[in-house]
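Here is a short walk through one protein model. Look at the sequence and the structure, then read on.

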Amino acid sequence: MRMTLTTFKRLYKDYQESGLNIKDFCNNQDLAPSTFYYWRNKLEEALAHEPES
């Protein structure tokens, strides 16, 4: 699966709802923790640049 910011937003929501730690969640998703951290940082940057409504 090719990761995009939109794809990661859904994945991150699943992570938050799972109650698992990042390592266990990544193992369940067959995703490297480093990839998770990379995209989490990208998501945080994107959210920081969104105009507040």
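A residue is called buried under 20% relative accessible area, exposed over 50%, and partly exposed in between (1.4 Å probe, protein chains only). The model is predicted: local features need pLDDT of at least 70, side-chain atom pairs count only at pLDDT 80 or more, and totals for chains, interfaces and linings use all residues. Residues are numbered from 1 along each chain as its sequence is written, and side-chain values use heavy atoms, with hydrogens and water left out.

Start with helix α3. Helices are DSSP runs (H or I, at least four residues), numbered from the N terminus. Helix α3 covers residues 33-48, 16 residues in all. From first C-alpha to last, α3 reaches 22 Å, close to the 22 Å expected. That expected span is 1.5 Å times one less than the number of residues.

Which residues of α3 are buried? They are Phe36, Trp39 and Leu43. Seen down the axis of α3, they fall within an arc of 75 degrees, so they line one face of the helix. The arc is taken from the directions from the helix axis to the C-beta atoms. On the other side of α3, Ser34 and Ala48 are exposed. What covers the buried residues includes α1 (5-18) and α2 (22-29).

Now turn to α1. The structure holds one salt bridge, a side-chain nitrogen of Lys or Arg within 4 Å of a carboxyl oxygen of Asp or Glu. The side chains of Glu17 and Lys13 form it, at 4.0 Å, N to O. Both residues lie in helix α1, four residues apart, about one turn of the helix. Glu17 counts as exposed because its relative accessibility is 57%. Lys13, at 48%, counts as partly exposed.

Methods:
Helices (H or I, at least four residues) and strands (E, at least two) are DSSP runs, numbered from the N terminus. Contact means heavy atoms within 4.5 Å.
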